[in-house]
Amino acid sequence: MQLFIGGACAGKRDTVTARFPAARWWPLNDVHPLSDCHQALEAERPLVINGVLEWLASALDATEHDALRSQWQRELATLGQRADELNAPLLVITTEVGRGIVPMQPKQRRLRDANGWFNQDAAAQAEQVWYVRHGLVQLLKG
């Protein structure tokens with residue numbers, strides 16, 4: 001798994017598109033949760049998962065936080081294993097939020113925290129982690 005992290009409109013999508021032009025994109029949301037991503041995997045074809053923040057916003061409304069974190073940790077591991085079996089590069093795009101700004105609303109703070117923990121868990125499982133800022137790409141891990 002490769003993880004691309006960066007702020008909003010930092011160039012993550014353009015970077016992944018340039019590197020993996022034949023990739024299939026799977027946007028996470030309340031209709032397409034992380035648990036359904038395995039359906040989009042195809043042998044030898046890269047799969048790009050994006051929309052993590054949007055999916056977390058809806059998932060946090062329906063699931064207790066610790067349970068959700070355990071769930072995404074298991075799902076990322078299973079998805080990564082299945083992608084390896086199919087020789088399908090798995091690419092996850094996440095948005096870095098916060099950077100020192102603490103939201104006023106408890107729900108927004110909870111989302112910011114969940115997004116940060118998701119990024120940490122995804123980075124721990126990824127073979128490569130890329131940071132994208134201003135269209136510039138820096139390898140952080142791998």
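Two strands pair if DSSP finds at least two bridges between them, and a strand is a DSSP run of E of at least two residues, numbered from the N terminus. In β5, Gln 128 is the bridge partner of Gln 2. Strands β1 and β5 pair in the parallel sense, over five bridges.

This is a predicted model, in which local features need pLDDT of at least 70 and side-chain atom pairs count only at pLDDT 80 or more, while totals for chains, interfaces and linings use all residues. Residues are numbered from 1 along each chain as its sequence is written, and side-chain values use heavy atoms, with hydrogens and water left out.

The open sheet has six strands in the order β2-β3-β4-β1-β5-β6, with mixed pairing. At its edges stand β2 (24-27) and β6 (136-141), each with a single partner strand, so one side of each has no neighbour in the sheet.

Three aromatic pairs are found in the whole structure. Rings of Phe, Tyr and Trp (its six-membered ring) pair if their centres lie within 6.5 Å; planes under 30 degrees apart count as stacked, over 60 as edge-to-face and the rest as tilted. Phe 4 and Trp 130 are stacked, because their ring centres are 6.2 Å apart and their planes are at 15 degrees. Phe 4 belongs to strand β1 (residues 2-6) and Trp 130 to strand β5 (residues 128-133), 126 residues apart. Ring pairs also link Trp 55, Trp 72 and Phe 118 into a cluster.

A charge sits over a ring if NZ of Lys or CZ of Arg is within 6 Å of the ring centre and within 35 degrees of the ring normal.

| Charged residue | Ring | Distance from ring centre |
|---|---|---|
| Arg 13 | Trp 25 | 4.4 Å |
| Arg 19 | Trp 130 | 4.3 Å |

Key:
Helices (H or I, at least four residues) and strands (E, at least two) are DSSP runs, numbered from the N terminus.
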